[in-house]
Every structure is written in C-alpha cells, then in structure tokens.
Amino acid sequence: MASDNDDENERFIENFRPRLRACIEVERVLDYMPFIETDDKERIRQKARTECNSTAVGVLIDTVLKTPHTLGWFRAFVDALVQSGSDRAADYMQTNLPEPEVEAENDSCVRLIELLSPTLVDMQTAEVCMHCVSEGLLTDDDSEIIKNQGGRAGARELLRRIVRGRHGWFSKFLNILHETGHQHLYLELTGGSPDCDKLGSDEKLSSMKDEPAGSEAAAEAAESCDVPEFMHISITEDPQSEATDLYQGASPKSRQQPDSSEPSQPDGTDSVAAAAARGPENGDIVLRDYQMEVARPALEGKNIIVCLPTGSGKTRVAVYITKKHLDSRREEGRSGKVVVLVNKVPLVEQHYLSEFSPFLKRAYKLERVSGDCQLKISFTEIVKKNDVIICTAQILENYLERFNKGEDEGVNLSDLTLIIIDECHHTQKGGVYNHIMMRYLKQKHKNKRLKKEQKEPMSLPQILGLTASPGVGGATKMEKAEEHILRICANLDASKIMTRSLGEYKKEQRKMTVTVEDRKEDPFGDVIKKIMHAIHTHAGLSPICDLGSQNYEQWVVQKERKAAAEEDQKVRVCAEHLRQYSEGLNLSNTIRMRDAFSFLNKYHMEEIKRKTTPDEEQVIQITPTERFLFNLFKESKEELQELAQKSEYENDSLSKLRAKILQEFSSREEARGIIFTKTRRSAIALCQWIQENPKCADIGVKASYVIGGGDQSVVKPMTPAEQRDVLTKFRNGEVNLLIATTVAEEGLDIPACNFVIRYGLVTNEIAMIQALGRGRAEDSSYTLVEVKNSGVAEKECVNEYRKNMMNKAIDKIRALDQADYDKRITEFQIQAIMEEKVRMTKKKQKGLKSESPSEVKFSCRGCSKHVCTGEDIEIIENMHRVNVTTQFSQLFIQRENTSPPERLLDYEANSFIACKDCGQNWGTMMLYRGIDCPCLHVKNFVVAVSGKKIPKCTKWIDLPVKFSAFDYTEHADRVAQSSDDDDDETESTSTT
C-alpha cells in the first residue's frame, strides 16, 4: 500500500485517476465517506445525475485530494472503496495491481461489450441481473436501479455496471449468459460455434469426461481483466497512413520491432511477431508452386476449397487470393468487400497481424472484430468502411439475421464480394458456418428462378474454403467418404476441391506408438473396485463390463436415469457414486494416484456438506443407503490416501511418458514439444507432475499447460490473456514443453515443434492430422502413448485407415467429370435446402403443441417427494420458471452457494433452494423487483407429463408446456398484505 505521507498519497491517487474514474460507482461510495461535507456530496451526486458517473468520480477525487487533510484520510478513502464494493478501485489503491496482460485483456473485454451492446440489450434483463447479483458482479443496490429502469434501459445500465468489476467479471458474465439460455449472445461474445472447441471454450470432445455430469459445482470463472470505462475508434480514411495503426491495442512487447533478419517459419508462414513487425515495403506476396497451383481457380473467380496440410501456408494462399480479388475489382472500377471468417476468437488477431495486415495494409483498409477488437461502431459500419474484415463467424451470422428481419443494422450477402472460411470442414449441420452458407444456397437457387422469370438476381460473394482435412465423417466405406466430402463441397458451393503434394517442402515425421503394461499390482485400484463391488451388492446391480471402462460409465448413467424415473432412490444414489469411482479409476490410470484420490475426496466432502445446513436448525434426511456410501468411503479413505503416495504402484503410462520426455530433451540440441491429453484436469496434473520431477528439471524441461476457455467443464478455464501468455512464452523459449487439450490442435499459431506426444488421446482423423501438423520442424517425431482402457492404439489405426481413405476419396472426386461433379453437388444442395425447410416446419409445429400445465407433475429427484404441478409454476419474462405458492415455500430450505470461496459471492442474494427432506438442490432464490421468487431448475426434478415420466428432461425447453405468465402486481399485493398482517399481529402483541 502507498505511504501515509500526504504528498505521496496524493500523487498515488492522481496516477490512478483514469482507472478510478472507470471503476468507481460514485453514488455508492459516497455513502461510506463521512469525512466529505454534505454540500460536497450533493454537488458530486448532482454531477452524476446531470452529466455522467465518470465526471462525478473526477469531482469526488478532487474533493478527496482537497487540503488540508484530516488524519487517516487516505485509509478512510480506501476503506470506503472496499465497503462500497468498488473492489477493483481498492485493489489499485492497495497496489494489488494486475499483470499488464490481464489489464490489456480486460480492456478488450469492455471494448467487446460496448461494440456488441446493441445486441446485448435484448437480453432478459431481470434474469441476467439476478444471476449477476448471485455471482457477485452486482450488488442489491445495483439490482434495484436496473430493475427500476427495466427493459433495454435496464440492460444498458447492467452492462455499464458490470464492466467496473474486479478482474474475472467477463468470464462470469459469459457463464451467466450460457446458464440463462442466451446462447446467441454467448456465441456472439465468444465467436464460437456449436461444433468446435472454443479457445476462449473448452474442449468439445474432452470436456465430457472432464467432470461428472451430475456435479452441482458450476464451472469456475476464469480470471479476466481490467478495463477503461470508454473505448475509442480510429478508422483511417487514407489507407497509406494505416501503417501507424498496426500496433494499436497491441501489448508493449508486440510493438517492439524485431531484428529484420529474423527468419520466417520453415512452413512458409511467418510468426505473429515477425509478421507484425514487417514494414509495408515488404508487402509483395510470393507463393510456392504448389500454393499457386491450388489458388489458380479462385483467381478466376470460382468457388473452391483449398485442402493443404497444417503448416503448408493455406492462409498465405488466402491472402494472395484476397489481394488479387481486390486489385482486379479496383482496376474494373468496382469496390471489393472481403470477409474472413474464423471459428475461434484468437484466430482473428492472429490472421490480422501475421498474414493479412502486413501484405494488404498499404493499399486497403482492414479491420478485425472479436473479443480483442477496439471498435465502438456497429459491425454494419465496419463492413461499410473497410475492404477486408476478419471476424468470428457468429458475428456475421447475427448481422445477416438482422438484415433478414428487416432491421437497419444488418448486413446482406450482396454487400460482400468474397467470403473466406477458415477450417471449413466445420461447414456441416448445426454449425454457424453452415447457417451462413445455407442463406447463400437458398439465394443461389432463388436466383435461378429469378433468371427464368427474367428478373434481376441478387449478387452473391465468391467463396473460398480452407482446411487441412475434410475428414470422412465416420465413414467405413469409400462411397460414404466421398459423399461426406462432396456434401462439404456442396455446402460451400465449391466448384473444385484443390490439393497438391508439397514436393520438396514436405516433412516426414517419425511416428511410433508406445504400448504400456498392466500394473503387476494395483492396490489403489483394487480398493476402489472393492468399494464399487460393495455398492453393486448393496444396490443389487450386476454390471457386465469392466469397471472404469467407457461402456461401464454409459451403463451407470443409464441406471441412474432409469432409477430416477422409477423413484428407486437406492439405485439412483448408488449409480451417482459409482460414476465418481469409475472416474477415479480412469484418473489413476492416466495421472498420479494422489490426483485421483483428491478428486474422490473432494466429491465426498461436497456430498456430506449437502446434507447439512449452516444453522443446523433443519434436519436433512440421510437415507440408510447414503449413510452406507459415506461410511464406505470413510472406512477406505486412510488406506487410499496412504497407497496414493507409493510411487511403485503408479501406472505404466506415466513411466513411459517420463521416459519419452527425457529421451526427447536429452537427444536434441533444442527440444520443443507438445503433449496432447484428454481433459483439463489431466493437463494441469501432468504439468504439475513434470514441474515437480527433478530429472526433468535437470535437463532443462520448462513445462506449462494451455486449456480451453469454455464453460463445459467445472475445471477452471483459461482466459484468452492467460492462453496468449503461455503461447508467447512457448514461442520465445521460456516454455519448451506445452501440455494441451484439443484446444491447441486446430488453427492456433503455435511455433515449430520437433516432437508431438498424444497421451491417451485419439479422437478422429481430422484431429490426428492437425496434431501431426504441429510437428513442423526438421526431424520431428509423433508419439502415441497408450493409457489403460483408452483404446488409443486401435483408434489410431482406424484414423490412419480413414486418413488414407480420405485422400483416396479426394482423388476420386477430383477425377470426376465436371458435369458429373456439378450434378452431384446440385443434388446435395437441393437436399440440404429441403431438409432445412422440413426442420423449420417441424420447429414451428413443435412450438404450436403444448400440454396442459395441470398434466405436468414434478417430484424431487433426490427423494421422489411430490413437489408441485405445472399449474403452480409461472414464468417471468419468458425465461424463469418460479413457484411462489405458499405450499411450495414450506417444502424447501435456503442455503449459501457452495462454489469455491475465491468467487466472492454475495451471500444474501446468492442462495440455493433445496429439498427440506433430502437436501437435493432444486434451484435458486431470485430477487425480482423486490420480491423473492423461488426459481426452479428442471434438471433437479423427475418430470411426468400425462403420467409418462421424462427422466432425461434437463432443460425447460424440453417440456412442451406453456406456463402462465408471472403476475407481479397480484403477487406484490399478496406480499404487502402478508407484511401488513404481520405488522398488525406484532403491534397487537406489543399492546397486550
């Protein structure tokens, strides 16, 4: 903290004045400043009302700095910040300063919020506000102000207030949007697509195994960043002057010009840092022969897919095509408009800095729109004012939809002349790329009709797809592999799929599979299996598959769902515990036994805590089965903990992995590698294990991990700033071994590695090709290390088969007569359009069907007690399902959120409601315009509709029921009447 010396404290406050203006809520903090005169307080409040909060904070600071000072004035100022909830401002005053990278990331977060605010204000404000209070992003006072304003005005006030919070607010806000069903807003902020991992999300394939699906713990929010209150835009009218704007918003490191002699990457692409430093005088693009060959049809204006291996310069080809496209249109006196679409937020900045800007900034205007963008104007204006726009696909889709609805702030496909789709193999059903291309295909076929009617067709942009591997879509026969690839070609309206041998530039990798032996002794696993067998006997279960296998886990999940529907609580609870033990077995085969023990111990501690209340006034029922399960773990806990410390019983996979790491680092002059693993938990545990290994330290292994930023897992995600920091250290050599989940497989600019290890992780042939592409250096190796029950060796053989089948399928497609190819493409396009029409028709029909609320019955998932019917449930703002009946209020208890303590929850507004009998969570208590409303989460109940139970009902959208709207006035009157009756009774008692 700053010195008590008055002069020093004054200078300290002045230095942080801009930051304080951005993160102090002046009305709130004044209540905790008795040392400021009443007249001064009123003057500051008047300034806030007539001008803005930021200006008022400036006046507040001037008043605080006014001399003479009273004794302890600085401490009193800091205390006021703390007590008023201005935590970030208090951090600055107590020198709890964030890292520069975190600060920069926070700035970007605020800029993104302001850029997308026209869309974000369409949120269900009351619901989001309630969750923001629950997560500590807003106070009760904030909530009252927001709710009084209501609607869009309330949403704007909510956005203004959350950005002033302590680092971490952005990821919590993303979680809230996801949890409250605002998927379109969540995807717009993250730039994600439903079919891919989000670096800045989570791993699609690995997150399913990362945590038990039944866990009540929410995904822990990633630390985020600090932000100024406003952001500014600088769009240069003269393209020649844009060289000075290249580093706008970049970190200080990225502004430093590297030595001009720095070599380019071996694959023909430059690193981000080197590309950012290149001057416009070096803007000529030189393609290799194979790159020019695949680009040729696109230079003629045709729609194509460029299919080249990872690291072979696909993006450089796209830049070349972009430049030629814009140049040719300019020569013809026509304007060009190019949009580059990516599926991950970090790729926006990467493509902008390393590829497009260095070669195009001299002659054309470029801009990027993502979580790192600096702009405040609408996306529509960005499209109008720039020649090349690099953005996440969801942003373009949102603005295409706005145009479709007739809104002014929209973008039409006819506004664009070239769309480049990165990682275009994601252009399949359900993906955002496919939504965009479906609009294209519908208009294309409508244009054919317009031409027949001799009407003017709408112009459509040229399409360029980029991929390292279209895959085979799970095909086992050549015919189906061809069909899969042709469908992707049809979805992208590609006239050709272009691929070529790299010739002299091709790098051959040494590939090997390391097999492992079963443990000779596994006392740790034996104890877990002994517990599981005891549970089987207790519940009368007889599994027919190996404990800990994937088949076993599926069997357990099915048993839990069936038992819940049949109200068999004994089997249901046993199945829940069996799933955790199965996960513990898998962990002990992948990482250290002590990490597996920590996982099991934490689960049981949380379960026991769920059976208690803080005040201990309410006795929660513990069934004989639950008591049996708790005692079962308690009796074995000490033995498990002791065995977990004995290294001689560790799994062979870890031994083989350690040997491989030591071999790579001892046999290479400068080793640099990546280990891919399945889950976030294993990535973190493996990194810690390597860092603690003295042999690894002796030979210079410097390990770090990088995981996704999505919220599918309860393991804490990484923020984009944290990811960039790790990748930067990996690039400059501070880190030479990266342990990563699938998030690092696709697209990201990771420098050349000379070894890649896939540790118990094999997904599909696309992921295998992407991982192989990470080993770009000369003499690189690719190693697959087996893990028990993973079946990776067999899966890798299948992927090799699929890879070869894919290459043969591409060759067969390229050998087709163009007329035959065009005919098949047209058939697939018509089929896709018809399927889309059928899907939309069914969606509308489904919306028309609705069961009577009286036919819907809800019972507790934990004890099968009847809770309520659909007639008792009302819906607030078409989002929250609440039950405000007196009968329901007698059935539950309230308790604090059991999330990790560092989340700093506001306990008064952050309570769960749980079954009074068994402790099963039912939902949350939300404060809606001053009224407590129990909000139900349907996944915590067994739902029956017309007597038929729906055990898999996890979202309210799964129920075809239209609930009554919440009548605020009627309920408020009842609450007020109840309060008056209580007051009368109290007064009567006092008189007596």
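Me: What makes α27 roughly parallel to α29?
Reply: Helix α27 (residues 569-590) and helix α29 (residues 624-644) pack at an angle of about 20 degrees, with their axes 9 Å apart. Angles under 35 degrees count as roughly parallel, over 145 as roughly antiparallel, 65 to 115 as roughly perpendicular and the rest as oblique. Therefore α27 is roughly parallel to α29. Their crossing is right-handed, the near helix being turned clockwise from the far one by less than a right angle.

This is a predicted model, in which local features need pLDDT of at least 70, side-chain atom pairs count only at pLDDT 80 or more, and totals for chains, interfaces and linings use all residues. Residues are numbered from 1 along each chain as its sequence is written, and side-chain values use heavy atoms, with hydrogens and water left out.

Me: Why is α14 called oblique to α22?
Reply: Helix α14 (residues 183-190) and helix α22 (residues 393-404) pack at about 130 degrees, with axes 7 Å apart. That angle makes α14 oblique to α22.

Me: Which residues make the contact of α14 with α22?
Reply: His184, Leu187 and Glu188 of α14 meet Gln394, Ile395, Asn398 and Tyr399 of α22, contact meaning heavy atoms within 4.5 Å.

Me: How many residues of the chain are buried, as a percentage?
Reply: Buried residues make up 57% of the 992 residues, where buried means under 20% relative accessible area, exposed over 50% and partly exposed in between (1.4 Å probe, protein chains only).

Methods: Axes fitted to C-alpha atoms, helices over the stretch in contact; angles between N-to-C directions. Helix = DSSP H or I, 4+ residues; strand = E, 2+ residues; numbered from the N terminus.
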